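Have the sequence and the coordinates open as you read.

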Amino acid sequence: MNLRKTVEELDQKYHERKVVLVDENDNELGVGGLIEAHRDPGLQHRAFSLQLYRIVNDKKELLLQQRAIGKPVFPFYWANTCCFNMAPGEKYLPRAVSRVKEEMGVVVGEEKLRELYKFVYYAPDIEGWCENELDNVIVGEWSGELKLNPEEAMDSKWIEWEELNKDIENEPSKYAPWFKTIVSDPRFRSVFE
């Protein structure tokens with residue numbers, strides 16, 4: 001039994017959602033529909049990946065989410081704290097603050113976050129879905145209470161940096177492709193090593 005939603009079901013849910021189409025330098029090229037942007041080969045669009053962490057016994061732990069079944073692309077996969085496709089007029093840090101509250105119930109101030117770098121990637125998923133993004137990687141230190149939105153995140157966990165790297169090495173197929181790329185990037189690693 002396939003638990004993934006059909007294109008028609010997702011189109012009904014996300015019909016009004018628009019994304020900002022960009023080139024590899026984050027220059028705006030126009031606006032596209034969310035579903036259209038994620039149907040292979042996709043349309044390159046603006047997104048962010050937020051990674052929150054905390055320090056426990058002098059070690060850094062990252063807050064991960066397991067993507068909900070209702071996500072159009074890569075449901076069930078483990079990934080960073082939250083991701084989002086930017087809509088026209090949105091700014092990265094304010095939207096990261098509001099989106100992590102919507103997905104994870106996390107209340108964090110914009111001043112706690114910082115943009116690390118941007119990168120372009122393409123990742124095909126099954127049934128004609130894909131990601132084709134210019135992804136802005138954002139990090140911030142935070143600890144507190146979570147209240148997951150089940151439509152966005154089916155589970156969450158704190159995982160220590162070294163343990164995460166070992167788990168990705170042992171079971172890479174359970175992690176979202178963009179997250180594995182982020183974790184392997186020296187600019188991201190420098191925050192946690």
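## Arg46, a buried arginine

Arg46 is buried, with a relative accessible area of 9% (buried means under 20% relative accessible area, exposed over 50%, and partly exposed in between, using a 1.4 Å probe and protein chains only). You'll find Arg46 in strand 3; helices (H or I, at least four residues) and strands (E, at least two) are DSSP runs, numbered from the N terminus. This is a predicted model, where local features need pLDDT of at least 70, side-chain atom pairs count only at pLDDT 80 or more, and totals for chains, interfaces and linings use all residues. Residues are numbered from 1 along each chain as its sequence is written, and side-chain values use heavy atoms, with hydrogens and water left out.

What does Arg46 pair with in a salt bridge? The partner is Glu28, with the closest N and O atoms 3.1 Å apart (a salt bridge is a side-chain nitrogen of Lys or Arg within 4 Å of a carboxyl oxygen of Asp or Glu). Arg46 lies in strand 3 (residues 45-56) and Glu28 in strand 2 (residues 28-33), so the bridge ties together parts that are 18 residues apart in sequence. Glu28 counts as exposed, at 57% relative accessibility. The Arg46 side chain also makes a polar contact with the side chain of Tyr92, at 3.4 Å. A polar contact is a pair of N or O atoms within 3.5 Å; within protein, one must be able to donate a hydrogen and the other to accept it, and residues adjacent in sequence count only if both atoms are side-chain atoms. Leaving aside neighbours within four places in sequence, the contacts of Arg46 include Val20, Val22, Phe84, Met86 and Leu134 (contact means heavy atoms within 4.5 Å).

## Other salt bridges

The structure holds 15 salt bridges. One of them joins Glu103 and Arg99, at 3.0 Å from N to O. These two are four residues apart in helix 3 (residues 92-104), about one helical turn. Glu103 is buried at 0% relative accessible area, and Arg99 counts as buried at 9%.

Asp185 and Arg187 form another, with the closest N and O atoms 2.9 Å apart. Here Asp185 is buried at 13%, while Arg187 is partly exposed at 41%. Shared partners also build a network of salt bridges, made up of Lys71, Glu90, Arg95, Arg99, Glu102, Glu103 and Glu152.

## Glu133, without a salt bridge

Glu133 is found in strand 8 (residues 130-141). What is the nearest side chain of opposite charge to Glu133? That's Arg67, 7.6 Å away, and Glu133 is buried yet has no salt bridge (Lys and Arg count as positive, Asp and Glu as negative, while His and the chain ends are not counted). Polar contacts are there, though: the Glu133 side chain meets that of Tyr121 at 2.8 Å and that of His45 at 3.3 Å.

## Helix 3

Helix 3 has 13 residues and reaches 17 Å from its first C-alpha to its last, close to the 18 Å expected at 1.5 Å a residue (the expected span is 1.5 Å times one less than the number of residues). Its buried residues are Tyr92, Leu93, Arg95, Ala96, Arg99, Val100, Glu103 and Met104. They cover an arc of only 150 degrees around the axis, which puts them on the same side of helix 3; the arc is that of the directions from the helix axis to the C-beta atoms.

These buried residues pack against strand 3, strand 4 (59-67), strand 6 (82-85), strand 7 (113-124), strand 8 and strand 9 (153-160). Gly105 follows helix 3, with a positive phi near 70 degrees.
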